[in-house]
Amino acid sequence: MFNHNKYQAFQPINNPDRQWPNKVISQAPEWCSVDLRDGNQALVNPMSVEQKKALFQLLVDMGFKQIEVGFPAASQPDFDFVRWLIEEDQIPEGVSIQVLTQARQALIERTFEAVKGAKNVIVHLYNSTSPVQREQVFGLAPQGIVDIAVQGAKWVRDLAEQRPETAWQFEYSPESFSATELPFAVEICAAVHEVWRGVGARPVIFNLPATVEMATPNIYADQIEWFCRELPHRDEVMVSVHTHNDRGCAVAAAELAVMAGADRVEGALMGNGERTGNMDLVTMGMNLYSQGIDPQLDFSDMQRIVNVVEYCTEIAVPVRHPYAGELVYTAFSGSHQDAIRKCLNKQQPEQKWNVAYLPIDPKDVGRDYEAVIRINSQSGKGGAAYVVERILGCQLPRWMQQAFAKVVQQETETKGREITQQEIMGLFEKTYAVSPNQKQASLVDNYHIDTDDGASLQATVTYRGEPIAIKGEGHGVLEAVVNAMAGHVGAVINIVHYEEQSLGETSEAQAMAFIEVAIEGQRKIGVACDQDVVKASIEAVMRSVSM
C-alpha cells in the first residue's frame, strides 16, 4: 500500500546565522574521483583489469590529482590492480591514489601492503556513526563508535610512520554523516584529528558523506556549515563532501556544500554509484565551466569520456544527461531552433557566449553545430533554414525560409519521423532546382546585356530540353530576363522577391541568387549559384519558371 504516513520528515538544522546562501563559488574545489571504488562496487559486473586501466588513464588525462583506486583489503582484484599501478609505474607525478578501509586492524594492515612503494597515498578510513547504525547494526553506545574510529586512526598513523618513503595523507569519513547528530559528528572527527594531528605535511581530510540523501540540499549545506564552524582547528583540516543522489539532488547538495565551506568534492563520472548513484563530476565540473570558472578538469573531449565510461561500466549514458548526452545540445522545437539560429549568426568569437537555449558552446566539449538543430514535425522554419545555411554557407531570405519550412513539414509528417540533413538538402535541391536537370530551364551560352537605355538581354537557354534563343527588355536585368521568358512560358511573370548574397569576401567568391516569381497566381522559387552574380540571377529565374 502506498502510505506516506509511515515516513517522517527530516528535521531542519538549527542554524539561524547561516552564511552560505550569500556565498558564491569562485573557484573549483579539489576533486577526487571514486569511479574505481565506489563506482565499481555498484556495478552488476565489476570492472575487468582492462576496463580499470582504461578508466584510470581517462581520469589522469582529464586532470584528476586524487583518484580512489579501490578497497584493496576487501577484494583481491582491487589489491592486484593497486599493485599493478605501483609496480608498473602507472601513477603520474603529482597524482595521489586513495584507498578505502574500514577501521579494523587486519584490513588496515592489508591496505598498507597494497600501497607499498607508492609515492603519494591517501588512506581513507571510515566507520558508521548514525543512530540507526550504532543501535541496530553495531549495538554500541556513541563512545564505542568513537573508540573504533580512534583505534583505527592510531593503526593508520603507526603504519604510516613506519613507511616514511611515502607521502601520506589521512582521510576519515563518519559514514552516514547526513543521518548523524552534528555534535557527535564533530566529536568523533575531533577525536580522530587528535590522533593524526601533526603527522605528515598534508592536512587531514574529513569527508562528510550524504551516504543516503535524506533531505533537501539546503539542509545538507546547513550541516556542512555547522560542522565547519564547530570543528576545533578547522584551519588545519580539509573538509570534503561525498553526496549521493537518492533524491536526485547530489550535484545541488555538493555545490551548496562548497558554498558552505567544503574544500573538496568526491564523485564519479556520469554519477555512477550505489542505488541512484554518486554525485556526477561531469555535471558539477561543467556547471562551474558554464559560469566562467576553470573546473581544473578537461572536458573538451566529451565523447571520449562517454565512450570510456560506457565501456567500463556497461551502462549507457542517457541521451538527456547534462552536458554529455547525445541530445542535450539539440533542439527540435521550431521556436527554439529559430532563436538558436539567429543567436549563432550574431555570435562573434571575441564575445562572451550568449546564445539562447545553449548554456555552453557545444564545440567546447567536442560537439558539432550540425547536431544542434534536428528536424521533425515539431520543427519550424528556423530549423530547416539552419541546416541549409550551415551547408551552403549563406543565409536564406525570410520569405524562402517560410516556403521551405512547409515543404519540410509535409515531408516529416508523411514520413512520421525525424529527417536527416542529407534528406533536407535533397528536398532543397529538388524543390528549387539548385542543380537543374535537362528538363528544366538553364542558361547554356554566354549572355549579352545592353544597359544603355534600361536593360536588354540576349541569351541562349535550354527550355523543356531544347535550346532556344531569348530576348527581353526591362528597367533592369531581372525584368529583362522574366520578360524574355514570358513568351515561352505563355504567361506574365512578376517578380515577388529577389535577394543575392556573396558566399565569401574575395573576388573569387561565389554569389547565391534567390528569386520568387508569380505566374498566373502561382508562386515559384528558384536558387542558383555562380561566381558571376548576373549569371546566378539569370539562372535563378530559369529555375523558378521551370519548377
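Helix α3 (residues 76-87) packs against helix α4 (residues 105-114) at an angle of about 35°, and their axes lie 9 Å apart. Helices here are DSSP runs of H or I with at least four residues, strands are runs of E with at least two, and both are numbered from the N terminus. Axes are lines fitted to C-alpha atoms, for helices over the stretch in contact, and angles between N-to-C directions run from 0 to 180 degrees. The model is predicted: local features need pLDDT of at least 70, side-chain atom pairs count only at pLDDT 80 or more, and totals for chains, interfaces and linings use all residues. Residues are numbered from 1 along each chain as its sequence is written, and side-chain values use heavy atoms, with hydrogens and water left out.

On the α3 side, Gln76, Phe79, Val82, Arg83 and Ile86 meet Arg110, Glu113 and Ala114 of α4. Contact means heavy atoms within 4.5 Å. This contact of α3 with α4 has 4 nonpolar, 1 polar and 3 charged residues. In these classes, Ala, Val, Leu, Ile, Met, Phe, Trp, Tyr, Cys and Pro are nonpolar, Asp, Glu, Lys and Arg are charged, and the others, Gly among them, are polar.

From α7, the contact uses Leu182, Pro183, Ala185, Val186 and Cys189; from α8, Gln223, Trp226, Phe227 and Glu230. These residues divide into 7 nonpolar, 1 polar and 1 charged.

Helix α16 (residues 477-489) holds valine 482. At 3% relative accessibility, this valine counts as buried. Buried means under 20% relative accessible area, exposed over 50%, and partly exposed in between (1.4 Å probe, protein chains only). Leaving aside residues up to four places away in sequence, valine 482 touches Ile493, Ile495 and Val541. Other buried residues of α16 include Leu478, Ala480 and Met485. Their cover includes strands β11 (455-463), β12 (466-474), β13 (493-502) and β14 (511-519), together with helix α17 (533-545).

The length of α16 was also checked. At 1.5 Å a residue, its 13 residues should span 18 Å, and the end C-alpha atoms are 18 Å apart, which agrees. The expected span is 1.5 Å times one less than the number of residues. Helix α14 (residues 398-415) agrees as well: its 18 residues should span 26 Å, and its end C-alpha atoms are 26 Å apart. Buried residues in α14 include Trp399, Phe404 and Val408.

After α16 comes glycine 490, with a positive phi near 85°. Just after α14, glycine 416 takes a positive phi of about 70°. Most residues other than glycine have a negative phi. At 60% relative accessibility, aspartate 89 counts as exposed. Glutamine 296 also has a positive phi, near 65°. This glutamine lies in the loop between α10 (281-290) and α11 (302-313). Glutamine 296 is exposed, with a relative accessible area of 51%.
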